[in-house]
Amino acid sequence: MANTRLRFTVVGDVLAGRQFEFAADAPVTIGRTKDNMLVLDHKSVSRQHARVEPNGSTFVLVDLDSHNGTRVGDEVVTRRVLEPGDEVNFGEVAVRFQPVDAAEPTPSEALPAVVPEPTTESVPARPLTVDDLFPGATPTQTMEPPADGRMRGALGYALTLVAVVVLGLLAIWKMSQRPPQTPTVEVQLRAGEVKPVNVARWRRGADSRLARFGLVGVQRVGEPQAPNVAFARKSKFSTIVAVHAKSVGTTDIPLYGPPLGRVILRVLVRGVKPPPEEEAWMLAPLSERLRRADELVDRATHIMPQTGIVNEHTTNAIRMLEQAVSLIGGDPVHRAKANRAAQTASQLRKRRDQFFDIQAQDIATLRTKGDWKNCDAKMQALLRVFKNPYEEEYYIVRAYYEDLLEEMARDKRKREEQR
């Protein structure tokens, strides 16, 4: 590490040709302002954009929550081990990373990474005289250019000067524009709760046009800043993510997708959700728990639908069987009964998940075609099946149905206006 230096070479169209070298035994900060070690003065670069820090024999690139993100190749990264020759994009500025031997000669001049200011003045060239063309000669007659030639020359100089000034002002205005802040949306819930977040709600205005906040669909859910507080994950509907609150606190979760690229979901967990009734049974003596478990298994067996059928009784049976397994716990005498109940619940859940997949695909197709009647019928079927408020699907289906009803209402108003 002591015999290594870090060389950064700007290779993209923006700020091309700049090259910098730094010692490899300390972190290298990268950003737009002069308090950074590697200064990239471009509007797409955040004030404190990223950091390259030594980690044993490797070097780790860390994004500092920049506005336009940090990419290695086509991959958006928040933390990544750099390889020699990696091309890193800080906003729109492409930089090649290369560790070099300290014995190699360093660049003769460390050029600051700034965009040159456009020239706002132009000095017209002086016309050549006879003395310039024929030194020592004495002219016998002074030849003046024609009047129309002088006018064309003056007009050309004036137009050139105006064009340079206008381009300079445009360049200064463009440089003064900073990229917008990453949209941040707050969601509040209690520990133990699951809440659906519909990103499509933020993108539709009153006229159904794309608004400032929102994503057309969530392609990836990033890691939460504080995973012990809450986490989120994609659902079967591309516009909805499910947020799971674990403990009181606050955490930011990045969501990635078009057209904005990234939206920050700020989760505020305030208070704790009351425990369900089933948890009270866990405090009862073993004999009472076993009696309750037998009741639940008998009821689930009685209401369980036939093979191949999924309805509201499927969810009830799953819930009863899983409660029975929890109540029996690790009691060795009743272990076989617990295993049978768990296996049956797993089969019912798998059958219900397959039903959900098919219905979700059909609903997406019908929604694209504008077949609202059949779309609503399939959503009603999902609402009947997923009615357990302690399951993630319960909230996802209801959030998607609310969004569907809004679109149906907009379409109805539009058709009435066209009549």
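Modeller: Leaving aside residues up to four places away in sequence, Leu366 touches Asp371, Asn374, Cys375 and Lys378, where touching, or contact, means heavy atoms within 4.5 Å. Before we go on: this is a predicted model, where local features need pLDDT of at least 70 and side-chain atom pairs count only at pLDDT 80 or more, while totals for chains, interfaces and linings use all residues. Residues are numbered from 1 along each chain as its sequence is written, and side-chain values use heavy atoms, with hydrogens and water left out.

Back to our leucine. Leu366 belongs to helix H7, residues 335–369; helices (H or I, at least four residues) and strands (E, at least two) are DSSP runs, numbered from the N terminus. Leu366 and Asp376 are 10 residues apart in sequence, and their C-alpha atoms are 9.4 Å apart in space.

Now zoom out for a moment. The protein chain has nine helices and 19 strands, and 38% of its 419 residues are buried. Take the contacts in the chain with a separation of 6 or more: 56% of them are between residues 24 or more positions apart.

Next, have a look at an open sheet of six strands, in the order S2-S1-S11-S10-S7-S8, with antiparallel pairing. Strands S2 (19–23) and S8 (75–77) stand at the edges with a single partner strand each, so one side of each has no neighbour in the sheet. From one strand to the next, the twist averages 30° (axes are lines fitted to C-alpha atoms, for helices over the stretch in contact, and angles run from 0 to 180 degrees between N-to-C directions).

Let's follow the strands inside that sheet. S1 (residues 4–10) and S11 (residues 93–101) are antiparallel partners over seven bridges; two strands pair if DSSP finds at least two bridges between them. Val10 has Val95 in S11 as its bridge partner, and Val88 also has Val95 as its partner there. S10 (residues 87–90) pairs with S11 over four bridges, again antiparallel. The hairpin of S10 and S11 has two residues between the strands, and in it Gly91 takes a positive phi near 65°. On another side of the story, S1 and S2 run antiparallel over five bridges, with Phe8 opposite Phe20 in S2.

The structure holds seven aromatic pairs, meaning rings of Phe, Tyr and Trp (its six-membered ring) with centres within 6.5 Å, called stacked with planes under 30 degrees apart, edge-to-face over 60 and tilted for the rest. Phe8 and Phe97 form a tilted one, 5.8 Å centre to centre with 55° between the planes. Phe8 lies in S1 and Phe97 in S11, so this pair ties together parts 89 residues apart in sequence. Phe8 counts as buried at 2% relative accessibility, and Phe97 does too at 1%. Ring pairs also join Phe8, Phe22, Phe59 and Phe97 into a cluster.

Definitions and conventions:
Buried means under 20% relative accessible area, exposed over 50%, partly exposed in between (1.4 Å probe, protein chains only).
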